[in-house]
Amino acid sequence: MSIAENLELVRARIRRACERANRSPDEVILVGASKTFAAERIIEAVQAGLMDIGENYVQEALPKIAAVTAAGLQPRWHFIGHLQTNKVKQALAAFDLIQTVDSLHLAEVISRRAQRPVAILLEVNVGSELSKFGFAPEEVVPAAEQIGRLPNLDVQGLMTVAPIVDDPNELRPLFRQLRALRDTLGLRHLSMGMTDDFEVAIEEGSTMVRLGRAIFGERVVAAPAGSQVSTS
Ligand SMILES: *Cc1c(COP(=O)(O)O)cnc(C)c1O
């Protein structure tokens, strides 16, 4: 199947999940998670109407962003990996939204380096998995208040990478917990939902789903060590 066909199927599934939850599909931003996929595949997706692209590694993303830009295309670029502080400057120059602010220290570095207000999401480790980055659920409200006071940071919402489970319905309590935190903070965005769980995430209030395999097909290259997700 072509990327355009995959996108059409994904959009239909998003629409149906929205119908079940009595939501408008306009409330859900589809972000293509393109790690390991070549710039040509991203170009194909953007030409088929995908407006938002997420990348996990600054080093991998920069040449791909350059190639997509050279093709005359300008999707919104989301950073969705673990951001090392020594890559903040490059990330700020290339990305429109940093979805994965996972510590107060990283927020401070971004704030210091920013020349203009930077849109960010705070990453929450809802499953409290040791292997994952992000604020613990009980830390995020005080952290958001502190981070919200730093100059040049525009905190727009919360993001999570949910644990891998057999049945996505098992994730509902975690998605609900993230939504409740977002509501407590009065923020707009809730970035949750990947290929295996996006319909459940939408039913639980997601405003951004990050889909890799459902759009681009199976990843054949293993993600580098330190990646937040397995590529099973
Ligand atoms: C890889 C990745 C995705 C997409 O995963 P799929 O299972 O391919 O949909 C979403 N979010 C993050 C943070 C990722 O690393």
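**Packing, ligand contacts and backbone features**

Cys18 is buried, with a relative accessible area of 0%; here buried means under 20% relative accessible area, exposed means over 50%, and partly exposed lies in between, with a 1.4 Å probe and protein chains only. The structure is a predicted model, in which local features need pLDDT of at least 70 and side-chain atom pairs count only at pLDDT 80 or more, while totals for chains, interfaces and linings use all residues. Residues are numbered from 1 along each chain as its sequence is written, and side-chain values use heavy atoms, with hydrogens and water left out.

Cys18 belongs to helix 1; helices (H or I, at least four residues) and strands (E, at least two) are DSSP runs, numbered from the N terminus. Between Cys18 and Gly205 there are 187 residues in sequence, but the C-alpha to C-alpha distance is 9.2 Å. Gly127 and Leu174 are 47 residues apart in sequence and have their C-alpha atoms 7.0 Å apart. With a relative accessible area of 30%, Gly127 is partly exposed.

Two aromatic pairs are found in the structure. Rings of Phe, Tyr and Trp (its six-membered ring) pair if their centres lie within 6.5 Å, and planes under 30 degrees apart count as stacked, over 60 as edge-to-face and the rest as tilted. Phe37 and Phe216 form a stacked pair, at 5.1 Å centre to centre and with 25° between the planes. This pair links distant parts of the chain, 179 residues apart: Phe37 lies in the loop between strand 1 (29-33) and helix 2 (39-47), and Phe216 lies in helix 9 (residues 213-216). Both Phe37 and Phe216 are buried. In the pair of Phe79 and Phe95 the ring centres are 5.1 Å apart and the planes stand at 80°, so the pair is edge-to-face. Phe79 is in strand 3 (residues 76-79) and Phe95 is in the loop between helix 4 (88-94) and strand 4 (97-101), 16 residues apart, and this pair too links distant parts of the chain. Phe79 is buried at a relative accessible area of 1%, and Phe95 is buried at 4%.

Strand 3 and strand 4 run parallel and are joined by two bridges; two strands pair if DSSP finds at least two bridges between them. Across this pairing, His78 stands opposite Leu97 of strand 4. Five of the five residues of strand 4 are buried, so strand 4 is largely enclosed by the rest of the structure. Strand 1 and strand 8 also run parallel, with four bridges between them, and Gly32 is opposite Leu211 in strand 8. In a regular strand the side chains alternate between the two faces of the sheet. In strand 8 (residues 208-211), Met208 and Arg210 point one way and Val209 and Leu211 the other way, and all are buried.

A polar side-chain atom of Arg213 is 2.7 Å from an oxygen atom of the ligand. For Arg219, an N or O atom in the side chain is 2.8 Å from an oxygen atom of the ligand. A polar contact is a pair of N or O atoms within 3.5 Å; within protein, one must be able to donate a hydrogen and the other to accept it, and residues adjacent in sequence count only if both atoms are side-chain atoms. Taken alone the ligand exposes 390 Å², of which the protein buries 98%; these areas come from the Shrake-Rupley method with a 1.4 Å probe, and for residues only the protein chains shown count as cover. There are 14 residues around the ligand, and those that come nearest are Lys35, Asn56, Thr195, Arg213 and Arg219; a residue is near a molecule or strand if one of its heavy atoms lies within 4 Å of it. By class, the shell consists of seven nonpolar, three polar and four charged residues, where Ala, Val, Leu, Ile, Met, Phe, Trp, Tyr, Cys and Pro count as nonpolar, Asp, Glu, Lys and Arg as charged, and the others, Gly among them, as polar.

Most residues other than glycine have a negative phi. Asn22 has a positive phi, near 60°. Asn22 is placed in the loop between helix 1 (3-20) and strand 1 and is exposed, with a relative accessible area of 74%. The phi of Thr36 is likewise positive, near 75°. Thr36 lies in the loop between strand 1 and helix 2 and counts as partly exposed, at 24% relative accessibility.
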